[in-house]
Amino acid sequence: TGDQNILVASASGTNRFVITNAGNVGIGTTSPTDLLAISQSTTTGSGLDVYRNLTATSTDSPLVNIVQDHASDDQNAVSIQNDGTGVGLYINQTGTAQAAYIYSNVDATANMPLLHLAADNTAFDKEVVYIANAGTSYGINLYNSGTGQAMLINQAGTARGFEVYSN
């Protein structure tokens, strides 16, 4: 009938993989509501592992490419929700390039910051940004080749707007 799954793969009587008649794919779930739904109920291993081990030189192609290609779409391209006590996003960079690189070629009419960090919790008593540098170079290097300010501190509260501590 029309409500049957197109494909179901099971082991030991447990469904492991399903393709619904709507074309949704489920791994670890029998009723995926998204195009791809992965559900993991164990605490060992990853829910999704994407791995590439190139033996040749780089082609500058990303391992994962996420594209949201509609100018009026106001939805998040990537959303990470962590309700546990672990780190929400952990980047372990052991190579020689940057661990994170943010680039934007949005025109001036967008009037939005390239990076916005917010701690919207009045009981939040930790830093929003913490930078630790055990190396020999700068902890922060601000470079501005444009006509705007390199740094602006807008302090609306009662605490200091800027503090330098040297030990």
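Predicted model: local features only at pLDDT ≥ 70, side-chain atom pairs only at ≥ 80, totals over all residues.
**Exercise 1. Determine how the strands are arranged into a sheet.**

Solution. Step 1: the protein has 4 strands and 0 helices, and its pattern along the sequence is β-β-β-β.

Step 1: the 4 strands form an open sheet, ordered β1-β2-β3-β4, with mixed pairing. The edge strands, each pairing on one side only, are β1 (7-11) and β4 (36-38). From one strand to the next, the twist averages 20 degrees.

Step 2: β1 and β2 run antiparallel and are joined by 5 bridges; alanine 11 has threonine 14 as its bridge partner in β2.

Step 3: strand β2 (residues 14-19) and strand β3 (residues 25-27) also run antiparallel, with 3 bridges between them. Here isoleucine 19 has valine 25 of β3 as its bridge partner.

**Exercise 2. Characterise the turn that contains serine 12.**

Solution. Step 1: serine 12 belongs to the loop between β1 and β2. These two strands form a hairpin, with 2 residues between them.

Step 1: the phi of serine 12 is near 55 degrees, a positive value in a residue other than glycine. Most residues other than glycine have a negative phi.

Step 2: with a relative accessible area of 80%, serine 12 is above the cut-off of over 50% and is therefore exposed.

**Exercise 3. Is asparagine 24 buried or exposed, and what does its side chain reach?**

Solution. Step 1: asparagine 24 is placed in the loop between β2 and β3.

Step 1: its relative accessible area is 12%. Because buried means under 20%, asparagine 24 is buried.

Step 2: the side chain of asparagine 24 reaches the backbone oxygen of proline 32 at 3.3 Å.

**Exercise 4. Describe the contacts and exposure of valine 50.**

Solution. Step 1: valine 50 is in the segment after β4, and at 42% relative accessibility it counts as partly exposed.

Step 1: apart from neighbours within four places in sequence, valine 50 is in contact with Leu63 and Val64. Valine 64 is 14 residues away in sequence, with a C-alpha to C-alpha separation of 8.1 Å from valine 50.

**Exercise 5. Compare the overall dimensions of the protein with those of a compact globule.**

Solution. Step 1: the radius of gyration of the protein is 23 Å, whereas a compact globule of 167 residues would have one near 15 Å.

Step 1: along the principal axes, the C-alpha atoms fill a box of roughly 70 × 50 × 40 Å.

Step 2: of the 167 residues, 4% count as buried. The protein exposes about 15800 Å², of which carbon and sulfur atoms supply 49%.

Step 3: among contacts between residues at least 6 apart in sequence, 0% join residues at least 24 apart.

Key: Residues numbered from 1 in each chain as written. Heavy atoms only, no water. Pairing = 2+ DSSP bridges. Axes fitted to C-alpha atoms, helices over the stretch in contact; angles between N-to-C directions. Buried < 20%, exposed > 50% of the residue type's maximum accessible area, 1.4 Å probe, protein only. Polar contact = N/O pair within 3.5 Å; in protein donor to acceptor, adjacent residues only side chain to side chain. Contact = heavy atoms within 4.5 Å. Rg over C-alpha atoms; globule rule 2.2 N^0.38 Å. Areas by Shrake-Rupley, 256 points an atom, 1.4 Å probe, with all protein chains shown as cover.
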